[in-house]
There are 4 protein chains.
Amino acid sequence: MNEKVFRDPVHNYINVNHEVIYDLINSKEFQRLRRVKQVPTTAITFHGAEHSRFTHCLGVYEIARRVTDIFDNKYADIWNPDESLLTMAAALLHDVGHGAYSHTFERLFDTDHEAYTQEIITSPETEINAILRRVSPDFPDKVASVINHTYPNKQVVQLISSQIDCDRMDYLLRDSYYSGVSYGQFDLTRILRVIRPVKDGIVFSASGMHAVEDYLVSRYQMYMQVYFHPASRSMEVLLQNLLKRAKVLYLSDSDYFKQTAPNLLPFFENKAELADYLALDDGVMNTYFQSWMSSEDDILSDLASRFINRKMFKSITFDSHSEKELNRLIELIQSIGFDPDYYTGIHVNFDLPYDIYRPEKTNPRTEINMIQKDGSIIELSNLSALVKTLTGTIFGDRRFYFPKEMLITDDLFSSVKESFMSHISNEHFKH
Amino acid sequence: MNEKVFRDPVHNYINVNHEVIYDLINSKEFQRLRRVKQVPTTAITFHGAEHSRFTHCLGVYEIARRVTDIFDNKYADIWNPDESLLTMAAALLHDVGHGAYSHTFERLFDTDHEAYTQEIITSPETEINAILRRVSPDFPDKVASVINHTYPNKQVVQLISSQIDCDRMDYLLRDSYYSGVSYGQFDLTRILRVIRPVKDGIVFSASGMHAVEDYLVSRYQMYMQVYFHPASRSMEVLLQNLLKRAKVLYLSDSDYFKQTAPNLLPFFENKAELADYLALDDGVMNTYFQSWMSSEDDILSDLASRFINRKMFKSITFDSHSEKELNRLIELIQSIGFDPDYYTGIHVNFDLPYDIYRPEKTNPRTEINMIQKDGSIIELSNLSALVKTLTGTIFGDRRFYFPKEMLITDDLFSSVKESFMSHISNEHFKH
Amino acid sequence: MNEKVFRDPVHNYINVNHEVIYDLINSKEFQRLRRVKQVPTTAITFHGAEHSRFTHCLGVYEIARRVTDIFDNKYADIWNPDESLLTMAAALLHDVGHGAYSHTFERLFDTDHEAYTQEIITSPETEINAILRRVSPDFPDKVASVINHTYPNKQVVQLISSQIDCDRMDYLLRDSYYSGVSYGQFDLTRILRVIRPVKDGIVFSASGMHAVEDYLVSRYQMYMQVYFHPASRSMEVLLQNLLKRAKVLYLSDSDYFKQTAPNLLPFFENKAELADYLALDDGVMNTYFQSWMSSEDDILSDLASRFINRKMFKSITFDSHSEKELNRLIELIQSIGFDPDYYTGIHVNFDLPYDIYRPEKTNPRTEINMIQKDGSIIELSNLSALVKTLTGTIFGDRRFYFPKEMLITDDLFSSVKESFMSHISNEHFKH
Amino acid sequence: MNEKVFRDPVHNYINVNHEVIYDLINSKEFQRLRRVKQVPTTAITFHGAEHSRFTHCLGVYEIARRVTDIFDNKYADIWNPDESLLTMAAALLHDVGHGAYSHTFERLFDTDHEAYTQEIITSPETEINAILRRVSPDFPDKVASVINHTYPNKQVVQLISSQIDCDRMDYLLRDSYYSGVSYGQFDLTRILRVIRPVKDGIVFSASGMHAVEDYLVSRYQMYMQVYFHPASRSMEVLLQNLLKRAKVLYLSDSDYFKQTAPNLLPFFENKAELADYLALDDGVMNTYFQSWMSSEDDILSDLASRFINRKMFKSITFDSHSEKELNRLIELIQSIGFDPDYYTGIHVNFDLPYDIYRPEKTNPRTEINMIQKDGSIIELSNLSALVKTLTGTIFGDRRFYFPKEMLITDDLFSSVKESFMSHISNEHFKH
């Protein structure tokens, strides 16, 4: 095939040399990712970050292409070039099952984007499956197994999913570029120079230690600064409460939802199939929410309005041991007419930036290994004091969300609200 | 007010120091712009360019803020600082009436986003109008008059709308950043250093001639390379044919559209009001198109499918004098079953990168004037040979669009298609 | 050889895969380029542009490496991979004969950096020659012939020297990066995608027309904005007058120069050999000038002081037909005690940004050719109206330099100076 | 004064609004900094980093200008605007006493660039002193006292010299830009938004914690990756040994040095005055070294040659407790004819990236304090786990340098060299 390219602001060009890859990109299931934002609630806070999962998936593919191109040329002794197309296809498709507002949606409707990814790849109904089968009858299953970590060759699996994989490398660079913060930038070119396959996985030359360290620090910073931003999480709380209200109302007035949110019905009734899932995207969901803004149910219409028009909840941090004490705040909120089921929420965000392999854990992490001049292997945190700090340490916070109205004291309820504010200091709950 | 900031990848920070501006940004009519892409069909070709009109409008505001801040501080003798808030508000709101796929939509439904902009600002029904009225009762009208060029102070008008205005400066930088092409980059900081108010408008110090020249060349390049890209225009042709089909079908089956596209009805019936217009956005329109993919009308469902799944028409250029000869191609297309009303299209794109003031024209352009050390004024093209070339010269092309199937000759219709291809050389129509 | 890399701010990494290239870089003649600034007088105006010819030469090599790597892989039918090392060596060494303040130095001492480049490559005395001979006995001569355009394969010659060659592409990007102006930036990656060898030279795919156009516009802008900056040229005039004075004084007091500028002696006496030339660099020259600051000759010491301490001459533009009239100014300058031989100067800078092949000219240019889908060739200016303007048109100006003191009128000579200033309007000479 | 600007690749523009600042920049003592590289030995490894102390000093000034501009406008209650010019002058001049290869030079000749900075500012002989005195008779002393930390207002002192000051912020950004590594980049704009004067110094809003954290991590990474690079330190060892040799030879042959290195004489004789110091710069020193390349002393000429032509020593790391064991290596080196006094060296580089205030220390550090919403102050490492790790922890390594020849075993001395190499594993000394 003549090389095709896509201009990309992060990687300059996405290069496609395999017809299979080109056709996968043009499949309807993949094009659908254009209608699903990569970080929909982050975009509310960092307005530049409106990019879709489509662009991210192309980026993951491109990094995989560059890595496997290097492996094909420099490490043919230990890397099987036949794995390259598989790696690229898995990179491209690893997120193909993501839907609108995935994380919140899954919690409310008990769906799983990873299961959908597997199904899109392996179901004979999809264009993607048909394209993959052109490579070989078992190719769809191989791609799916790479993505779910069961593929025997750990080199391939680790490129797609590990503590330093093509997915993470792209999203850090991309979310950083689009949000306009520099924290997520790291030296991809240098990492591509030091990444190497070994018999049972992927390692990095010890000379590139600082590039890998910098990647981990960037990842930590993006979580702290961007992904865990309190305002974005406010939108998630709002969305969660909105969908919770809709589910409750559906029980008594399914007709209303048949009319205003037809494609959600299978999910309300817990019998959604792949086609139902693929029919949802950001635009469809927002169209439903916009309809609900004129619902006769005050809570549904108000929450939909707040979500669509970005009237966010406010939040404070609290310590784990004082969670029960939040009831005092909840009572005050309720006392002036807000139903706490729908007008408060707790959002807990924690991240473990890096960890070594701990066989005793249920899902032990694949540690990052460095290879020295003499061929010996050494785990990263032994070489970097900074990484040592991040190792096994969980970072994040707990936040309690409530209506902004609680902080405005120039009305009837001023004494209630003053009582409310007396529990807060430096945006933290004190009890 | 405490300064508020929004992180922006193009301008680093958007700074807000007026409560009016902050409230305008938070109004529901302005937040709606998050759901309207800035360059929706360009995003199909340059996948990174998925940004919304919301981000662009913030950017135009920020440039206006920087300019008026400089004017307030350095040119208080000739610039009235009372005009600064007006300028910033007009900058922020200049595009607030844009809707989904504006250009195509307007052609099909005879609407006008500029008229909607005026209405959103002046109608007492909108949040925006209420916020503006807080400044003074006539403030909404003043803002509207700046945007429609009737405001008496030409300094303000030219900052919002001229051949080098805050709008154009932001969209070049922004579309360039998001699409990943460097062509639109120019030296905004330098332009901010040389921009100056004079009695009857805006001029630039002659010492900054090359920065202005570079801006015009960048603008020319963005049109040639990005905005006029044949693939993006293919999506516009597809969209136009799709909506044309819907309008025809509506005459015989309005029920179908009542169900699948409720918010389009007022437009089909030519009685849309402001609220109807504001209810439409990219997500709503795409949701309708996705419904139409299962229409019983083959043409509607096929065009909707092609649009949603990005199965684009192909195109060739043709010369103005050979337009009639295209009928030969149209006949061939029709002969194998494609209805040319819906499966072909002509897309003509021309731009006049720069022009001097020509009083004899209907809408004469405001020329770009440079001010010399001794205070004398000289029009830009007298100083720059490059600008001289661009002056009064129209650039662009004419393209004929048709189904990609016409170029695939391995089927029944191969002789028809070969005949079709014999009229094409280097992607140009030869007759 | 294990790949070696050099971190480079312009190209990210310089990659070296041939031991010959690595050894050339490490030769003493090449390392000497670290002590010769790329644009020494520009650095006086754009203080960031302090980079050396060493970095530029590495950059030219890197572009040549990328181009030949693409040619080796994609165009082996028409490109002989044996030419790749030759191309890279010529790219690396094309400027190796540059010395301190080359352009001014050559004018004063009648030397020629191109001749020195040839000699460094072909003289058996140099490390570079010895390294090149390791490839084959005739390799030095081949490299030299590429650089002086006599090598028979025009593909190679045009990559090193034509209107769009590796040299120009690097210096535009590099000088732009270091000076901090964006004008010199263009899309190198895109150009690398469309550059192709044909039988008798180098062409570019027509689809990349705008990238090539943008390169030419960038080149034009760098000349107008950076290279022709009046302040930098002031330093050249100062330097020229300083060296002119030294040459005159040498005739009567050679001992003084033996002591203060030993390595310049062979040049004063017009019998310099290669080793003499290689002994000079920016630091050595500046050391001499610093000595001269305490010379007993007032003119020599004053000019040296002005040059070292950056006390520049001022300038005005003038038209070709009014050059004679400048005598009026010269008389005024002389009347207050400045020797016009050393305190005035004319500096004429013109550039022809692009030209087609004109066989009637002495050194006809190699035009830039584009290749269309059907293989036909078309010269660039036929495709681009912007390039058409730049074609065959000379841009630049004529400047007359004089002491800044002429513009300060608060002293004895105020009436002379006012008379002087009456001939100037908007920094232009009016007669 | 009309604003003057200097184009700068790091800060875009350096803005000058005070005639005093403009004249300081144009003084001969300040212009001299153009001839002194910022990181001369780093430039050997990262070839792009050829920038001078001149550009860095302008950058420090520009950051100080931006900070004081903010303080003048936003914090006039607690910041005295009269301090702004003082702060800017101190920022501009803080490094004006730096000379060629400062760190090595000082060790060999027992000079002190900080003392020279004080002298340049306060000595009535300098242009800088005369310019400063125009502000007020005690202004030179005030500027000098800010730089040596004795000025009573700690706000000013901390802006110029603390763990997060204008100096460090510029050099990280600048050295990073010029070397082409991204590690030194941090979010200066955000830091400028959160920096605030308090009564007794400078603090940062707690909301900007991650920007300050990022700055400290960037600083750590630049030290580890760039400043401590083994190859750059090799040049320092070479230089040190070269000057050591010159000092020894001077005792017996002062005439040779009178002729080849006239401006070094006062330093050899330990009676240098300010004018002697100012007469030295990189170019002068390198000119001397180039003369020494033809010295009759083999060691002097060889070391000079190695330094000028970049024939570096190699190195290995070693642990503090095994330093004595290095004698085994030294003996082997000596056994094949290298004088270990001049052909080996130890280079120890350690940095303490951040520390809290420890009153018991001799030079306790000023800790970085954050200010919370309620006005309370909290030291940074209490808010950031990453900073906590860096606090009080020293990072770096010890290296032993030796001739590269020791690693080449294909000669007479192969058994000695093999014995030498048997003590090395992964570039570390094992004993």
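Modeller: Let's start with burial: a residue is buried if 20 or more other C-beta atoms lie within 10 Å of its own, exposed if 12 or fewer, and partly exposed in between, with C-beta atoms placed from the backbone. In chain A, with its 431 residues, the buried share is 51%. Bear in mind that this is a predicted model, where local features need pLDDT of at least 70, side-chain atom pairs count only at pLDDT 80 or more, and totals for chains, interfaces and linings use all residues. Residues are numbered from 1 along each chain as its sequence is written, and chains are lettered from A and ligands numbered from 1 in the order in which they are written.

Colleague: What radius of gyration does chain A have, and what would a compact globule have?

Modeller: The radius is taken over C-alpha atoms, and the globule rule is 2.2 Å times the number of residues to the power 0.38. Along the principal axes, the C-alpha atoms of chain A fill a box of roughly 75 × 50 × 40 Å. For 431 residues a compact globule would come out near 22 Å, which agrees with the chain A value of 24 Å.

Colleague: How many helices and strands are there in chain A?

Modeller: Helices (H or I, at least four residues) and strands (E, at least two) are DSSP runs, numbered from the N terminus. By that count, chain A has 23 helices and eleven strands.

Colleague: Which element of chain B gives the most to the side that touches chain A?

Modeller: Two residues are in contact if their C-beta atoms, placed from the backbone, lie within 7 Å. This contact takes 31 residues from chain B and 31 from chain A. The elements of chain B giving two or more residues include strand 1 (4-8), helix 4 (53-74) and helix 11 (166-179). With six residues, the top contributor on that side is helix 18 of chain B.

Colleague: Now for chain C. How do the residues on the side of chain B that touches chain C divide?

Modeller: Here 21 residues of chain B are in contact with 21 of chain C. Helix 13 of chain B gives the most to this side, with six residues. Ala, Val, Leu, Ile, Met, Phe, Trp, Tyr, Cys and Pro count as nonpolar, Asp, Glu, Lys and Arg as charged, and the others, Gly among them, as polar. The division is six nonpolar, ten polar and five charged.

Colleague: What does B:E427 contact, leaving aside its neighbours within four places in sequence?

Modeller: B:E427 is in the loop between strand 10 (424-425) and strand 11 (428-429) of chain B. Having 16 C-beta neighbours inside 10 Å, B:E427 counts as partly exposed. Its contacts beyond those neighbours are B:I316, B:T317 and C:K373.

Colleague: Is helix 18 of chain D largely enclosed or open, and what do its buried residues pack against?

Modeller: Eleven of its eleven residues (282-292) are buried, so helix 18 of chain D is largely enclosed by the rest of the structure. Those buried residues pack against helix 14 (230-252), helix 15 (254-260) and helix 19 (298-308) of chain D, together with helix 18 (282-292) of chain C.

Colleague: Which residues have the most contacts inside the largest nonpolar core?

Modeller: A nonpolar core is a set of buried Ala, Val, Leu, Ile, Met, Phe, Trp, Tyr and Cys residues joined through C-beta atoms within 7 Å. The largest has 253 residues, and those with the most contacts inside it are B:A89, B:L92, B:V143, C:A89, C:L92 and C:V143.
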